[in-house]
Amino acid sequence: MFKIALDGPSGSGKSVMARAVAERLDFLYVDTGALYRAIGLYMFRNGIDINDAEAVSSNLSNIKLELSHSEEGQVVLLNGENVNKDIRLPEISMYASKVSAIPSVRDFLLNIQRETAKKNNVIMDGRDIGTVIFPDAQVKIFLFAKDEVRAMRRYKELVAKGIETTYEEVLSDMQKRDENDRTRAIAPAVPAEDAIMLDSSDLNIEETISTIIGIIDKKLK
């Protein structure tokens, strides 16, 4: 099976690009960030202190995560509930970042991700796909863009979904999460040594997709 790892910071467009590339190549797309967000959402809803790793770990047994696919794309089910919209709330970003630094959470999700890749050609996006989840991925890309560009993209995405927020709030949350992700002790969000760096600041969606597919095509051939 062929594995593509698409890593990068929040708001870099990983999910949009991975979804589009998967559709064009007939690969299975797995949004791993959504899985961490779902766990963060559970902790948020249940008042669990995300700075208390033991408390978070003890609550994992109460969580059942499932991935399904519809015409709209990947659907994340948290204990049977479709939480696709709620996991994108700005406050859940920080919860996702915090829980992703807890080893038991990462172990909890690791099997889900690897088992999926054993049965399908996949493209996964996240923070550590190329460094931890799939260090043997045939293609590793680290997608990034300027902070202001990423924040505006995320802001427009949230507004389009009917979520009330401000550009300043999104930018602040994003920069805080970037710092948490880069400096965490467990699987920090840094490029794999053999990753191809792709700056999309001045590229539109189609140009970015074409560039990614060009990189993959070279490997496939």
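**Close-up A. Ser100 in the loop between α4 and α5 of the predicted model.** Ser100 counts as buried at 4% relative accessibility (buried means under 20% relative accessible area, exposed over 50%, and partly exposed in between, with a 1.4 Å probe and protein chains only). The loop that holds Ser100 runs between α4 and α5 (103–119); helices (H or I, at least four residues) and strands (E, at least two) are DSSP runs, numbered from the N terminus. Apart from neighbours within four places in sequence, Ser100 is in contact with Tyr36, Arg106, Asp181 and Arg184, where contact means heavy atoms within 4.5 Å. Because this is a predicted model, local features need pLDDT of at least 70 and side-chain atom pairs count only at pLDDT 80 or more, whereas totals for chains, interfaces and linings use all residues. Residues are numbered from 1 along each chain as its sequence is written, and side-chain values use heavy atoms, with hydrogens and water left out.

**Close-up B. Packing of helix α4 against helix α8 (residues 167–183).** The two axes come within 10 Å and cross at roughly 5 degrees; axes are lines fitted to C-alpha atoms, for helices over the stretch in contact, and angles run from 0 to 180 degrees between N-to-C directions. That angle makes α4 roughly parallel to α8 (under 35 degrees counts as roughly parallel, over 145 as roughly antiparallel, 65 to 115 as roughly perpendicular and the rest as oblique). From α4, Pro90, Ser93, Met94, Ala96, Ser97 and Lys98 meet Glu169, Asp173, Lys176, Arg177, Asn180 and Asp181 of α8. By class, the contact of α4 with α8 comprises three nonpolar, three polar and six charged residues; Ala, Val, Leu, Ile, Met, Phe, Trp, Tyr, Cys and Pro count as nonpolar, Asp, Glu, Lys and Arg as charged, and the others, Gly among them, as polar.

**Close-up C. Packing of helix α1 (residues 14–25) against helix α9 (residues 205–220).** The axes lie 10 Å apart at an angle of about 55 degrees, and α1 and α9 are therefore oblique to each other. In α1, Val16, Met17, Ala20, Val21, Arg24 and Leu25 meet Ile205, Glu206, Thr208, Ile209, Ile212, Ile213 and Ile216 in α9. The residues of this contact divide into 10 nonpolar, one polar and two charged.

**Close-up D. The two aromatic pairs of the structure.** Rings of Phe, Tyr and Trp (its six-membered ring) pair if their centres lie within 6.5 Å; planes under 30 degrees apart count as stacked, over 60 as edge-to-face and the rest as tilted. Phe2 and Phe27 form an edge-to-face pair, 6.0 Å centre to centre with 70 degrees between the planes. Phe2 belongs to the segment before β1 (3–7) and Phe27 to the loop between α1 and β2 (28–31), 25 residues apart. Phe2 is buried at 13% relative accessible area, and Phe27 is buried at 14%. Phe44 and Tyr95 form an edge-to-face pair with 5.2 Å between centres and 85 degrees between planes. Phe44 lies in helix α2 (residues 32–45) and Tyr95 in helix α4 (residues 90–99), so this pair ties together parts that are 51 residues apart in sequence. Phe44 counts as partly exposed at 36% relative accessibility, and Tyr95 counts as partly exposed at 21%.

**Close-up E. Positive phi at Asp26 and at Asn79.** Asp26, in the loop between α1 and β2, has a phi of about 60 degrees although it is not a glycine. Asp26 is exposed, with a relative accessible area of 69%. Asn79, in the loop between β4 (73–78) and β5 (81–82), is likewise not a glycine and has a positive phi of about 50 degrees. Asn79 counts as partly exposed at 40% relative accessibility.
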